[in-house]
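Dear colleague,

I am passing on a structure that I would like you to have at hand while you read the notes below. They go through a few of its parts in turn.

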Amino acid sequence: MNFNHTIQSYWSYLERKNHPPRYVTKVNTLDFLTLKKAIDNKDISFVKKIIRRMYVNKEAFILKNSAPKKLKKTVLDLANKYKKKKSSFHKMHDGCPNFHRVIDKKITKKYSLYAIKHSFYFYNWNIRTKLEKDLKNGVYKHWRYIKSLAGNGKKRFEENIPSDGQIDRLQIVRYPAGGGELRDHVDPRKNQRIVSGIIMSKLGEDFQKGGFYFRSSKSNKLNIEERLDEGDAVIFYGSIAHGVDKVDPKEKLIWNSEKGRWFIGMFVNDSDHVQNRITAKDLTGSVK
Ligand SMILES: [Fe+2]
């Protein structure tokens, strides 16, 4: 059995035997390079240990140094460039462009999750400029290993277009100072068991309050933002409840500003060519 297949079967075996985790028990720190080397060396026992800890022990990992710190400049430059066009929305059909959208209290009602954020969406069939290539390369050096850990193999879905059903999507997100947030939710595991996001700002510098948390029980949150640095990633099994606490809620929200919390999300989405596509689930009753 090859490496990917072994990982895939190990996940399926654990998923048959155990309920999916809902609450996090522990958040570990690991250097991304350690995970990368283990996967490059096909160290199956190391990989299985991480998988077991994520699924059975309900642990999450902060992967230090998952992306170079200079990626932040690319992210801000891209956001500023895209912002010159109007905020818009495009379904994930063949030929869908990259776009950005301001998601405020009103617009968020159209989504399956409650979020106050400014999102910039990028698809692989639209990667043309140097900035777009830098974003893609910076993220995929990390993402391919997460896909591998998730049992998909490094390159799966990368070249897909919407009519294939599943597509990779990169999302630059700004949770603006002045109340940017993402309420409790779980993510779909169908295409990608492991959720990952690359942190692109620093608590105490870019914003003072709020940030990423896991639910550790129905009534308790574990906010890990102070442990995160630019270039780190946070990875966990998608059924663990998580969100982003309001970023600097006492400030005035200014959409056309850089203030707040930035991150890069990466996800394999069901496209809009898929009937009954599976999306993330809100746990707060904030959306329809
Ligand atoms: Fe999520």
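This is a predicted model: local features need pLDDT of at least 70, side-chain atom pairs count only at pLDDT 80 or more; totals for chains, interfaces and linings use all residues.

Asp232 has 20 C-beta neighbours inside 10 Å, and because 20 or more is the cut-off for a buried residue, Asp232 counts as buried. Leaving aside neighbours within four places in sequence, the contacts of Asp232 are Ile62, Leu63, Lys64, Ser66 and Ile199. Glu159, by contrast, lies 73 residues away from Asp232 along the chain, and the C-alpha atoms of the two are separated by 26 Å.

Turning to helix H2, which spans residues 32-40, its buried residues are Phe32, Leu35 and Ile39. Seen down the axis of H2, these buried residues fall within an arc of 70°, so they line one face of the helix, while Leu33 and Asp40, on the other side of H2, are exposed. The buried residues of H2 are covered by elements that include strand S1 (26-31), helix H3 (44-55), strand S2 (59-64), helix H5 (130-149) and strand S10 (233-237). After H2 comes Lys42, which has a positive phi, near 50°.

Strand S8, made up of residues 211-215, has 4 of its 5 residues buried, so it is largely enclosed by the rest of the structure. S8 is joined by 4 bridges to strand S11 (residues 242-247), the two running antiparallel, and within this pairing Gly211 has Asp245 in S11 as its bridge partner. S8 also runs antiparallel to strand S9 (residues 221-223), with 3 bridges between them, and here Arg215 stands opposite Lys221. S8 and S9 together form a hairpin, with 5 residues between the two strands.

In soluble globular proteins, nonpolar side chains tend to be buried together. The largest nonpolar core in this model has 67 residues, and those with the most contacts inside it are Ala60, Val139, Leu149, Ile198, Ile235, Phe236 and Ile264. H5 supplies the largest share of this core, with 6 residues. As for Phe236, if residues up to four places away in sequence are not counted, Phe236 touches Val24, Met54, Ala60 and Val195.

With best regards

Technical notes:
Residues are numbered from 1 along each chain as its sequence is written. A residue is buried if 20 or more other C-beta atoms lie within 10 Å of its own, exposed if 12 or fewer, and partly exposed in between; C-beta atoms are placed from the backbone. The arc is that of the directions from the helix axis to the C-beta atoms. Two residues are in contact if their C-beta atoms, placed from the backbone, lie within 7 Å. Two strands pair if DSSP finds at least two bridges between them. A nonpolar core is a set of buried Ala, Val, Leu, Ile, Met, Phe, Trp, Tyr and Cys residues joined through C-beta atoms within 7 Å.
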